[in-house]
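Morning, everyone. Please bring up the model, and I will walk you through it.

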Amino acid sequence: MEGRQPSDTMAHGGYMLGRGVKRKMSECEASGGLGPVPELPYPQQRQLVLDLCLNKLQGCHTRAEPSLHRSVLLANTLRHIQEELRREGGDPPATPAPTPPHIATPLHSPDMPPIPLDCGVICSPTGDCWPALSIATKELGVVGGSQGTGLLTCPGCGESDGLSVTSSSSSEGGCGGDLAVDTRSSDSLFGSFEITNSTSYLTDLAFDDIFEDIDTSMYDSSDFSVLALPPARGSGAPTGPEDSLKPFPSCTSSSTLQLCLTDLNDLDHIMEILVGS
Amino acid sequence: MKKLDGLRHESRCNRLATTLCACPNVTPDATEQRSKTAFRPAEGFCVAKEAAGTRVEGADGEAGLRRGGTAMAGGNDFQWCFSQVKGAIDEDVAEADIISTVEFNYSGELLATGDKGGRVVIFQREQESKNRPHSRGEYNVYSTFQSHEPEFDYLKSLEIEEKINKIRWLPQQNAAHFLLSTNDKTIKLWKISERDKRAEGYNLKDEDGRLRDPFRITSLRVPVLMPMDLMVEASPRRIFANAHTYHINSISVNSDHETYLSADDLRINLWHLEITDRSFNIVDIKPANMEELTEVITAAECHPHQCNVFVYSSSKGTIRLCDMRAAALCDRHTKFFEEPEDPSSRSFFSEIISSISDVKFSHSGRYMMTRDYLSVKVWDLNMENRPVETYQVHEYLRSKLCSLYENDCIFDKFECCWNGSDGAIMTGSYNNFFRMFDRNSRRDITLEASRESSKPRAMLKPRKVCAGGKRKKDEISVDSLDFNKKILHTAWHPKENVIAVAATNNLYIFQDKIN
């Protein structure tokens, strides 16, 4: 645990990362150093880490090198903090819960009206607010732990009392979406790291195969037994500008039918025959 | 990463081939003072921490040092001197030039590097000449080739990087050399062969290659083999593709010299070197529900002698040893190595810094070494509940973890390596520092790979980091460290005291002065 100083962190401006407030970068930070790190009380530290965690998870798809390893570590850290917050909020002072001694502000009263599960903003006991993880999960698909952690289950559900929940500005009154975010987004964070085998999709396939699955049942050979062929196609090879279209291999009909189908200009001719018969 | 046109590619290869500090014919100064020991314990800082009550007497290590080749000094006194540096000195480094892996071959004659641009550069050691008995063989460029190209995953709209994640040499069986190189997705087997003769005196074509008019030929001759300038060719012999859904982080050649394993974040596959269209999946930790994913595979290695044994490390700081004889799918480990967490040092970042970035068996096969963010641990394969040795690499960073988390440095993956006798280990740090630990004398040293100390055969000065309090002269304070200069990849010659250290786009080669 880092040493805690009695000095007021607000004098330092706190760490406002993720809230649009720029932090001045010291010179040594600019050159790759660490810069001075003011000692923060534990709750502020935890909040800072939580903010950073969310920011990083949000940005993980925009990075040059998406890394499943990194995302898993971030998600685990996030979950750990959530568990801690839930434990702190959920344990009444009577139980010997190992709460850090610096949380002096009293926990909010649990007399909250029942609120839908997925709310926009969650406030910590210290009064700071950050976007609810449920919103975050919808956006990021953060997986794991969402069932068990108190941040996602509102006091109205009787789980955690220590958190006051307010609606975010982004959702009117009630909240949008449903808590089935997890199932929907279960793969959206971790699933996006899969490398598919599609890199050679376009180069591996033969030209014919691309059209393999086109439904040609309309052109069943039995309907065309009396089809008359233009003499130009009698030789068996398509000519003219339609040369690039090879016969569909899935056609089971005779070669005459194939030759007929390859000529798109004959479509009208075919329609006449169909309509005629 | 953009695909490079041929001209830029070549110019970069030339830059890499330039030895900036060639060692000219320097006669050793007979009056040169040699300090007594280079391996001095850093004052008040980073002494190897012993696991309580489990100190290894270093039986293997000591004997190994004595057994070591004549090049090894009898004692543990290494004096590292600058030998060479490869790479450009430009201030702005092209990302493609950043070295991503370094590996000596089994004899130490060849040194391979891979970079982010997908290229492999192989250096070969020159034979020692009688003229300069005191200067050891230099490493000069032997072969350069483009191993991997960037690919595009159409379904996911993602670029697959061409960065070479790992290179592993195969034991040499004939005149040619073989190595495996891998990026995130595909492993390739490359054959590097020499050609130093060519046939001359063809009948049907002349020296330029132009065809001769057959009617003009009046006599026949037998072509003869003439020596030519050495040409080194690299050709891909096998391509092992489409077996990994996640990013490959490790490859390891098995002791049977027929198979090798490749590991990604969630799976490990076993391949036969001759067969490219099939691989066996031997470890799969992907949960049925990806929501439950909390742990990934970070590294894997085959045992150096037992071809049925391998280990893999995880992001939670655990190592699992598996025996392939037990089951086809080695999801259940044979041994499980984990050190209980020290509750007094618990922090938000405890799990992140416990993630193991590299695991390496000792040459003897009796120990393995793991590297996590702040330390290196040596494990006895017969003891699972804690390591036998723990070495702090840069403990002064423990109080800075929040900042390192912020700038993402906490996710850096450092590698580690053994020396040939298993008596010493080496790993990298920030500010272009790298650390060496002598397992027997328990001494450690911090050295720097920098241009300033790049004079021919200049002895490296030990560096010290001031963790706090009054900074002494020659010490550097933690806040002044450059975290953009990180040494992630190092390699130690299998037989001699020669080390290769990759510092961003430069490769430094240091040698131990002959005592």
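Chain B has an accessible surface of about 23200 Å², and 49% of that belongs to carbon and sulfur atoms. Areas here come from the Shrake-Rupley method with a 1.4 Å probe, and for residues only the protein chains shown count as cover. Some ground rules: this is a predicted model, where local features need pLDDT of at least 70, side-chain atom pairs count only at pLDDT 80 or more, and totals for chains, interfaces and linings use all residues. Residues are numbered from 1 along each chain as its sequence is written, chains are lettered from A and ligands numbered from 1 in the order in which they are written, and side-chain values use heavy atoms, with hydrogens and water left out.

Stay with chain B. Its secondary structure comes to four helices and 33 strands. Those are DSSP runs, numbered from the N terminus: helices are H or I with at least four residues, strands are E with at least two. Of its 515 residues, 54% count as buried. Buried means under 20% relative accessible area, exposed means over 50%, and partly exposed is in between, with a 1.4 Å probe and protein chains only. Now take contacts, meaning heavy atoms within 4.5 Å. Among those in chain B between residues at least 6 apart in sequence, 59% join residues at least 24 apart.

Now chain A. It has nine helices and three strands. Along the sequence the pattern reads α-α-α-β-β-α-β-α-α-α-α-α. Chain A has 277 residues, and 40% of them count as buried. For its contacts between residues at least 6 apart, 67% join residues at least 24 apart. Chain A exposes about 14600 Å², with 57% supplied by carbon and sulfur atoms.

Which residues touch the most other members of the largest nonpolar core? They are B:Phe349, B:Tyr373, B:Leu397, B:Leu404, B:Tyr405, B:Ile410 and B:Leu481, in a core of 38 residues. A nonpolar core is a set of buried Ala, Val, Leu, Ile, Met, Phe, Trp, Tyr and Cys residues joined through side-chain atoms within 4.5 Å. H2 of chain A gives the most, with eight residues.

Zoom in on B:Leu397. Leaving out residues up to four places away in sequence, B:Leu397 touches B:Tyr373, B:Leu374, B:Leu404, B:Tyr430, B:Val478 and B:Phe483. Apart from this core lies another, of 20 residues, including B:Phe82, B:Met436, B:Ala449 and B:Val501.

On to the aromatics. Rings of Phe, Tyr and Trp (its six-membered ring) pair if their centres lie within 6.5 Å; planes under 30 degrees apart are stacked, over 60 edge-to-face, and the rest tilted. The count is 20 aromatic pairs over all chains. Take B:Phe104 and B:Tyr139: their ring centres are 6.0 Å apart and their planes are at 70 degrees, so the pair is edge-to-face. B:Phe104 sits in strand S3 (residues 99–104) and B:Tyr139 in strand S6 (residues 139–146), both of chain B, so the pair ties together parts 35 residues apart in sequence. B:Phe104 is buried at 8% relative accessible area, and B:Tyr139 is buried at 0%.

A second pair is B:Tyr430 and B:Phe483. Their centres are 4.8 Å apart and their planes at 50 degrees, so this pair is tilted. B:Tyr430 is in the loop between strands S26 (424–428) and S27 (433–438) of chain B, B:Phe483 in the loop between strands S30 (475–477) and S31 (489–492), 53 residues apart. Both B:Tyr430 and B:Phe483 are buried.

That S26–S27 loop also holds B:Asn431 and B:Asn432. B:Asn431 is not a glycine, yet has a positive phi of about 60 degrees. B:Asn432 also has a positive phi, near 60 degrees.

One aromatic cluster spans the chains: A:Tyr42, B:Phe348, B:Phe349, B:Tyr405 and B:Phe411. The charged end of A:Lys56 sits over the ring of B:Tyr405, 5.4 Å from its centre. That label needs NZ of Lys or CZ of Arg within 6 Å of the ring centre and within 35 degrees of the ring normal.
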